[in-house]
Structures are given as structure tokens and as C-alpha cells.
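Subject: Structure handover

Hello,

Please find the structure below.

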Amino acid sequence: MGVNGHKDETERKVWSLCKMPFWQTTNNPTSSSSSSSSSSSSSSSTCASSSSMSSNSSIDGNNACQQSHTHQIGGERSTLYSTNTVSLVAKSLLPTRRKLRLDPPNKLYFPYEPGKQVRSAIGIKNISKSHVAFKFQTTAPKSCYMRPPGGILAPGESLIATVFKFVEPPENNERPNLDQKSRVKFKIMSLKVKGEMEYIPEMFDEQKDQVAVEQILRVIFLDPECPNPALEKLKRQLAEAEAELEARKKPPEDTGARVVGEGLVIDEWKERRERYLAKQQVEVDSV
């Protein structure tokens with residue numbers, strides 16, 4: 001029994017020793033293949049991840065470039081818009097440089113006579129160093145008109161314009177309130193022109209960008225029966241305006257040589273010579 005037990009134990013050890021190399025040789029390739037496959041898979045995944053990362057990084061770079069370009073264009077546009085806005089705001093805040101001096105400066109005085117056409121007057125003077133065209137506008141063109149409605153003034157030149165307005169009678173014969181503001185307003189516009197030229201109202205439409213609003217005039221009614229300094233001044237201005245109108249209607253006085261037609265000059269010497277020749281012709285005919 002002892003020998004048999006020892007033998008069995010010896011065989012078990014030998015068997016175990018024989019089994020070990022087999023399992024190691026069989027298991028090593030598997031482990032190596034599994035490890036190689038795992039390493040290859042890990043390497044492939046690493047390569048894939050790296051390639052995906054590189055592609056993502058390139059896409060991200062392109063997106064970043066596009067975004068930066070877009071931001072740059074947007075920044076330039078916003079800068080340009082902000083600059084234009086600031087310039088417009090600055091122009092609106094700066095006071096307009098006047099080319100004309102008005103008298104009265106911002107009002108038109110009318111005597112209050114319901115149911116009648118009344119007159120007002122305003123002095124206009126060119127205070128600039130260039131020729132200036134002016135033009136009247138009103139919110140009530142059916143009941144108001146100006147004389148002259150526009151014109152061109154040389155530097156330092158002035159005139160008195162007359163404004164005509166029909167006064168509506170009060171409703172239900174109510175007592176008029178002279179302190180109540182009238183809805184009718186007048187506007188005087190100016191335009192710088194190059195030298196002397198004929199006044200054409202369309203020039204204000206053709207050069208809208210250069211037209212300036214000189215003043216908006218409010219209508220003020222005065223009681224003609226009550227003495228008022230503004231009413232006395234209005235009467236003087238109307239008298240001066242009538243005198244200027246009559247002076248413009250008169251033909252210019254003859255001073256020395258005068259031009260008739262184009263380039264034909266007639267002076268006293270030529271007139272005397274023509275009279276002398278006519279007299280000589282008469283004497284010849286009589287003989």
C-alpha cells in the first residue's frame with residue numbers, strides 16, 4: 001500500500017509537470033494574440049481617435065477662422081455704423097450756420113381782421129459771403145402766399161417780402177382769442193448758389209442735400225385797434241416793401257450809351273450822325 005501510494009503520488013507529480021508546459025504553450029499564443037489584438041485595437045482606436053481629433057481640430061480651426069473673419073466684418077460694420085451714427089448725431093446737435101438774417105427773426109405778425117385778406121412783412125438779408133437762394137413754404141398754401149415766393153440775394157443784399165393771408169372768421173360769432181396759437185406756419189429755406197443766376201424753384205428739389213432750413217415762422221395776430229410796437233413796425237415794413245416793388249417796376253434810367261439787342265451800341269454821336277444824314281437826304285430830294 002505504501003508503495004502504491006507513493007507511486008500514485010509520483011505519477012501525479014509527473015503528470016502535473018507534463019501538463020504545465022502544454023497549458024503554457026497553448027495559453028501563451030492566446031494571451032499574446034489577445035494582447036496583440038488588444039494592442040492593435042488600442043492602437044487602431046488611438047489612431048482613429050488621433051485622426052478624428054486632428055480632423056476635429058482642423059474643422060475647429062476652420063470654424064474659428066470663419067468666426068474670426070465674421071467677427072472682423074461685423075466689427076468693421078458696427079464701427080462704420082457707429083461712426084455714421086455719431087456724425088449724424090453731432091450734426092444734429094451742432095447749430096445750423098445761418099445764411100440769412102430775418103426781421104422779425106421767428107414770427108410773422110398779422111392784423112386780425114376776420115373775413116379779410118391781411119398782410120405781413122419780413123426782412124431778409126444775405127449775411128454770407130456767397131450768393132444765396134431763398135424759398136418760402138407754408139402749411140396753408142390755399143389761404144396764404146408770398147411776394148416774392150423766392151429769389152437770389154447777393155452777399156449783403158436785402159429785401160422785404162410781403163406775406164398775404166386770409167383770416168377765417170370765428171365760428172358762431174365768438175370773440176376771438178388773439179393769444180391762441182395759429183396752426184399755420186411758414187418756413188424759409190436757403191441754398192448756396194454759384195454767382196448770379198436766374199431763380200428757379202426746382203433748384204431746391206435738385207439739390208436737396210444742400211438745402212438748409214433757416215427758420216420756421218409762427219403766425220401772431222395783432223389787434224389793429226390797440227397800439228402796439230410790433231404793429232407800427234409792420235406798417236413801416238409794408239410801406240418799404242411797396243416802395244421797393246414800385247422801384248422794380250420802373251424801367252432803368254438811360255445813362256450814356258445803351259445796349260439794344262446783342263452788341264449794337266447807340267450813343268449820342270451816332271444819333272447825331274444819323275439825324276445829320278437824314279437831313280442831308282431831305283435836302284437832296286428837294287433839289
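The structure has 1 cavity of 30 Å³ or more. The space inside the largest cavity comes to about 60 Å³. Its lining is made up of Arg 147, Pro 148, Ile 160, Thr 162, Ala 241, Glu 244, Leu 245 and Arg 248. Two elements, S7 and helix H3 (229–249), supply at least two lining residues each. H3 gives the most, with 4 residues.

Bear in mind that this is a predicted model.

**Overall picture**

The protein contains 4 helices and 11 strands. It has 287 residues, and 22% of them count as buried. Its accessible surface is about 21500 Å², with 55% of that on carbon and sulfur atoms. Take the contacts between residues at least 6 apart in sequence: 71% of them join residues at least 24 apart.

**Strand S3 and its partners**

Start with S3, residues 117–126. Of its 10 residues, 7 are buried, so the strand is largely enclosed by the rest of the structure. S3 pairs with strand S1 (residues 100–103) through 4 bridges, and the two run antiparallel. S3 also pairs with strand S7 (residues 158–166), again in the antiparallel sense, over 9 bridges.

Arg 101 stands opposite Lys 125. Ser 158 in S7 stands opposite Lys 125 too.

Arg 101 itself belongs to strand S1. Setting aside residues up to four places away in sequence, Arg 101 touches Gly 123, Ile 124, Lys 125 and Ile 127. Arg 101 and Ile 127 are 26 residues apart along the chain, yet their C-alpha atoms are separated by 6.5 Å.

**Nonpolar cores**

The largest nonpolar core holds 25 residues. Those that touch the most other members are Leu 100, Phe 110, Ile 122, Ile 124, Phe 136, Phe 186 and Ile 188. Which elements give two or more residues to this core? They are S1, strand S2 (107–111), S3, strand S4 (132–138), strand S5 (144–147), S7, strand S8 (185–192) and strand S9 (212–222).

A second, separate core has 9 residues. Leu 222, Leu 231, Leu 234 and Leu 238 are among them.

Leaving out neighbours within four places in sequence, Ile 188 is in contact with Leu 100, Leu 102, Ile 122, Ile 124, Lys 135, Phe 136, Ala 212, Val 213, Glu 214, Gln 215 and Leu 217.

Best wishes

Technical notes. Residues numbered from 1 in each chain as written. Predicted model: local features only at pLDDT ≥ 70, side-chain atom pairs only at ≥ 80, totals over all residues. Heavy atoms only, no water. Buried < 20%, exposed > 50% of the residue type's maximum accessible area, 1.4 Å probe, protein only. Pairing = 2+ DSSP bridges. Core = buried A, V, L, I, M, F, W, Y, C linked by side-chain atoms within 4.5 Å. Contact = heavy atoms within 4.5 Å. Areas by Shrake-Rupley, 256 points an atom, 1.4 Å probe, with all protein chains shown as cover. 1 Å grid on protein atoms, 1.4 Å probe; cavity = no way out; pocket = protein on both sides within 12 Å on 5 of 7 lines; lining within 4 Å. Points joined across faces, edges and corners; volume = space filled by probe spheres on them.
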